[in-house]
Amino acid sequence: MCTVGGGPDIGDVESLASKGYICQDCGNKFKGMGRRPRCPSCQSRNVKASE
Amino acid sequence: MNIPLADDEIAYLCGRTGTMALVKTLGHFFYLETETEEISLFTDEDDLLVASTFEVGDAARRGLACTLYMIREMNSPLIVLPKGHPASRRLRTVVSVGDKTRIKCDIQAGTHPEQDVLCGTKEFEGVEVISMPGGAEVKKFAGEVLKEKLV
């Protein structure tokens, strides 16, 4: 992904392949992308795709 | 060429018209902040943060190191500007995150969301930076490589 400086502009962000997740430990819902998702709130790897 | 890279090191690919820098992500995740949502970008231990600038010399290397330090060590979020925002043309460093980065010089900075493409100067066209255990493999680059401590 190309981002720019301290305020990156990655353009058409809607086309990024992010997925919704829900943490099975703390219930946090978040969007993420990448191969090894984990909860950004409690750091648990026990997450499930939610959509 | 293979570039061994310790967890606390930064490597610079020094060209005549631009500079690139790479550090390991150490498996950290990073926040992409758009106008409406927050996306967490997850990485593997051996993935790389790669930064590119159209400048050379000490100032360019310091700028790249600061950019990568802020992102990795300070967990600075990546603020996504709306397309066409006037701030885009003021910014002088581009960053890629992942296991592979390809440099292209015929694209407009910040306008391509493909994960493995980064803009750079013409001399870096075709350069590929691929993560590997303990460092990076850099293809199609024959210039000078410098390394130093990032932290």
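The model is predicted: local features need pLDDT of at least 70, side-chain atom pairs count only at pLDDT 80 or more, and totals for chains, interfaces and linings use all residues. Residues are numbered from 1 along each chain as its sequence is written, while chains are lettered from A and ligands numbered from 1 in the order in which they are written.

**Strand β3 of chain A**

Strands and helices are DSSP runs numbered from the N terminus (strands E, at least two residues; helices H or I, at least four). Strand pairing requires at least two DSSP bridges.

| Partner of β3(A) | Bridges | Direction |
|---|---|---|
| β2(A), residues 19–23 | four bridges | antiparallel |
| β5(B), residues 38–41 | three bridges | parallel |

Within the chain A pairing, A:Tyr21 has A:Phe30 as its bridge partner. Five residues lie between the strands of this hairpin, where A:Gly27 takes a positive phi near 85°. Towards chain B, A:Lys31 stands opposite B:Ile39. The covered face of β3(A) holds A:Phe30 and A:Gly32, whereas A:Lys29, A:Lys31 and A:Met33 form the uncovered one.

**Helix α1 of chain B**

A residue is termed buried with 20 or more other C-beta atoms within 10 Å of its own, exposed with 12 or fewer and partly exposed in between, C-beta atoms being placed from the backbone. The buried residues of α1(B) are B:Ala60, B:Leu64, B:Thr67, B:Leu68, B:Ile71 and B:Arg72. They fall within an arc of 115° seen down the axis, so they line one face of the helix; the arc is taken from the directions from the axis to the C-beta atoms. The face turned away carries the exposed residues B:Asp58, B:Ala59 and B:Arg62.

B:Thr67 is buried because 23 other C-beta atoms lie within 10 Å. Beyond four places in sequence, B:Thr67 is in contact with B:Ala51, B:Thr93 and B:Val95, contact meaning C-beta atoms, placed from the backbone, within 7 Å.

**Nonpolar cores**

A nonpolar core joins buried Ala, Val, Leu, Ile, Met, Phe, Trp, Tyr and Cys residues through C-beta atoms within 7 Å. The largest has 39 residues, and those with the most contacts inside it include B:Leu49, B:Val50 and B:Leu68. A second, separate core of five residues includes A:Tyr21, A:Phe30, A:Cys39 and A:Val47.

Conventions. Two residues are in contact if their C-beta atoms, placed from the backbone, lie within 7 Å.
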